[in-house]
There are 2 protein chains.
Amino acid sequence: MAAELSLGSAASKPQTENGVSDSISSVIPGWFSEISPMWPGEAHSLKVEKVLFQGKSDYQDVLVFQSSTYGKVLVLDGVIQLTERDECAYQEMITHLPLCSIPNPKKVLVIGGGDGGVLREVARHLSVEQIDICEIDKMVVDVSKEFFPRVAIGYEDPRVTLHVGDGVAFLKAVPEGTYDAIIVDSSDPIGPAQELFEKPFFASVAKALRPGGVVCTQAESIWLHMHIIEDIVTNCRQIFKGSVNYAWTTVPTYPSGVIGFMLCSTEGPTVDFKHPVNSVEVNGIDTAKSPLKFYNSEIHAAAFCLPSFAKKIIDSK
Amino acid sequence: MAAELSLGSAASKPQTENGVSDSISSVIPGWFSEISPMWPGEAHSLKVEKVLFQGKSDYQDVLVFQSSTYGKVLVLDGVIQLTERDECAYQEMITHLPLCSIPNPKKVLVIGGGDGGVLREVARHLSVEQIDICEIDKMVVDVSKEFFPRVAIGYEDPRVTLHVGDGVAFLKAVPEGTYDAIIVDSSDPIGPAQELFEKPFFASVAKALRPGGVVCTQAESIWLHMHIIEDIVTNCRQIFKGSVNYAWTTVPTYPSGVIGFMLCSTEGPTVDFKHPVNSVEVNGIDTAKSPLKFYNSEIHAAAFCLPSFAKKIIDSK
């Protein structure tokens with residue numbers, strides 16, 4: 001079930017540039033409200049200055065608006081994917097948690113992440129020689145390039161190759177042991193990303209990684225989705241024979257204000273995710289043009305420290 | 001300026017038990033929306049099952065409602081103070097960060113915190129002999145005792161003495177060097193809590209603490225209020241001659257999903273806030289009746305690891 005798309009339609013009704021806003025319903029007039037069965041009984045709302053794009057791709061509803069205090073906002077199926085104000089937290093953490101945990105990552109695959117923000121962060125790693133991205137929805141790529149140039153800048157790196165298609169099928173065709181790291185930057189497990197949370201997908205990921213290779217997947221909120229997280233952890237412990245750890249970070253515009261990551265490694269050289277081997281402050285990471293806003297080695301280690309209620313459940317799996 | 005009190009007033013208009021809901025304005029019908037000049041352009045909304053209490057004390061508007069997914073909710077001047085679902089994070093962190101950082105705390109003062117949740121947490125420390133609380137608003141105490149028994153249970157500890165009055169005046173009358181620890185559990189610096197963020201108040205706190213005593217104050221969100229935090233840090237570095245550190249944690253129903261704490265110690269025995277001397281897992285903390293839900297020694301240390309954008313500003317003060 002897709003999330004409900006909710007934008008005000010009363011006095012201060014926002015208009016797209018070509019005047020199309022018919023599908024927008026009313027919650028707080030002039031505000032975007034994120035209402036979803038994934039987080040019943042609560043909604044985060046952002047004041048809309050202007051709707052910049054509204055479209056329907058083969059996979060989902062795509063909306064871009066200028067908010068009054070969070071910059072431009074990308075929304076897929078009614079759910080906020082990124083805002084210019086806080087995207088740094090998500091993009092930097094989902095990328096550098098895995099890539100700073102192994103020495104000299106060379107081949108990296110991104111599944112999803114069509115906005116290009118993860119690519120931007122992967123490209124900071126000087127050891128990386130090849131960056132493949134498989135995004136199912138071309139409209140997300142195009143919209144990001146048009147409205148979020150500081151995010152889509154990731155596509156400008158010559159090491160990047162974009163594959164538009166299904167991540168599950170793409171992975172199946174990858175020769176065994178190809179990648180040092182795979183980053184799964186998916187939306188919630190309702191809609192096109194559903195398969196990316198299931199066991200056969202994790203098995204394909206493990207196969208595509210070299211021994212001691214690492215994966216980092218978006219893994220929901222400990223405050224809202226412990227039941228989903230339990231399943232992910234259980235699946236990952238069965239599939240990945242190296243390390244399996246849960247980490248999390250703050251992203252104000254995501255439901256409950258936090259988002260988690262599942263970090264796993266395949267059998268092979270040991271990966272200690274909690275103690276990064278690459279330090280942004282010291283070696284191999286390019287911050288010359290644009291400094292990192294969020295990630296550092298301290299916050300890397302801290303991301304693995306969980307509140308007792310979550311630790312108890314995750315450790316028991 | 002007080003925050004705007006916003007509750008739906010359309011078809012599913014919630015009613016207090018005595019039918020009084022005249023002052024409630026319409027945002028999302030049947031939902032409570034937290035709209036404030038402290039976080040312009042965004043609002044978090046919770047679905048209301050039933051308004052349980054609505055009153056106006058000498059200091060602020062007081063509202064209690066049953067939400068559909070966060071349990072009962074306490075709102076002061078339109079701003080969510082606690083929900084049953086996530087209050088553990090705030091109460092445990094604001095209490096155990098300071099009290100686990102010094103050996104054998106004996107005398108503790110709580111300023112604000114009328115709901116009693118901090119008292120509940122302080123009372124877990126077996127070394128504590130005296131717990132004073134100074135809350136300005138008696139209505140908050142009474143409402144908590146009536147609607148939040150698992151929070152107000154803190155008042156049942158025989159070591160607790162409640163002083164209803166102004167925290168600033170109370171502190172001035174305290175003999176020099178009285179307390180081992182002071183916890184300032186205040187609302188935002190708009191309204192009755194304003195003085196609790198100013199330099200003369202911090203000077204009174206420092207005077208009331210013994211040498212090497214500690215204070216922990218509510219210190220806003222790094223995502224929303226860096227300018228306020230900068231001022232607090234600057235003030236604290238001038239007043240407190242021991243350690244001065246900023247920590248933070250996740251609280252989903254607070255704006256931006258996080259809240260910070262300013263931890264300071266007076267000149268005297270060194271306090272290393274980042275490495276707790278008391279461990280919940282090992283010594284001196286009573287978790288027999290009700291286990292801690294959130295706090296542990298790992299999350300204590302992690303709370304001091306800041307994102308780069310915040311670390312840069314705070315370290316420069």
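Reader: Buried means under 20% relative accessible area, exposed over 50%, partly exposed in between (1.4 Å probe, protein chains only). Is B:Ser186 buried or exposed?

Author: B:Ser186 counts as buried, because its relative accessibility is 9%. This is a predicted model, where local features need pLDDT of at least 70, side-chain atom pairs count only at pLDDT 80 or more, and totals for chains, interfaces and linings use all residues. Residues are numbered from 1 along each chain as written, chains are lettered from A and ligands numbered from 1 in written order, and side-chain values use heavy atoms, without hydrogens or water.

Reader: Where does B:Ser186 lie, and what does B:Ser186 touch?

Author: In chain B, the loop between strand E10 (179-185) and helix H6 (199-208) holds B:Ser186; these are DSSP runs numbered from the N terminus, at least four residues (H or I) for helices and at least two (E) for strands. Leaving out residues up to four places away in sequence, B:Ser186 touches B:Tyr90, B:Ala193, B:Leu196, B:Phe197 and B:Gln218 (heavy atoms within 4.5 Å).

Reader: Switching to chain A. What are the domains?

Author: Domain 1 is 31-83 and domain 2 is 86-316, with bounds from an automatic or database assignment. Their centres, taken over C-alpha atoms, are 23 Å apart. The contact takes 26 residues from domain 1 and 25 residues from domain 2.

Reader: How much area is buried between them?

Author: About 2,300 Å², with 70% from carbon and sulfur atoms. That is accessible area (1.4 Å probe) lost on putting the two parts together, summed over both.

Reader: Which three residues of domain 1 supply more than any other three?

Author: A:Met38, A:Tyr59 and A:Leu82, with 29% of the area that domain 1 of chain A buries against domain 2 of chain A.
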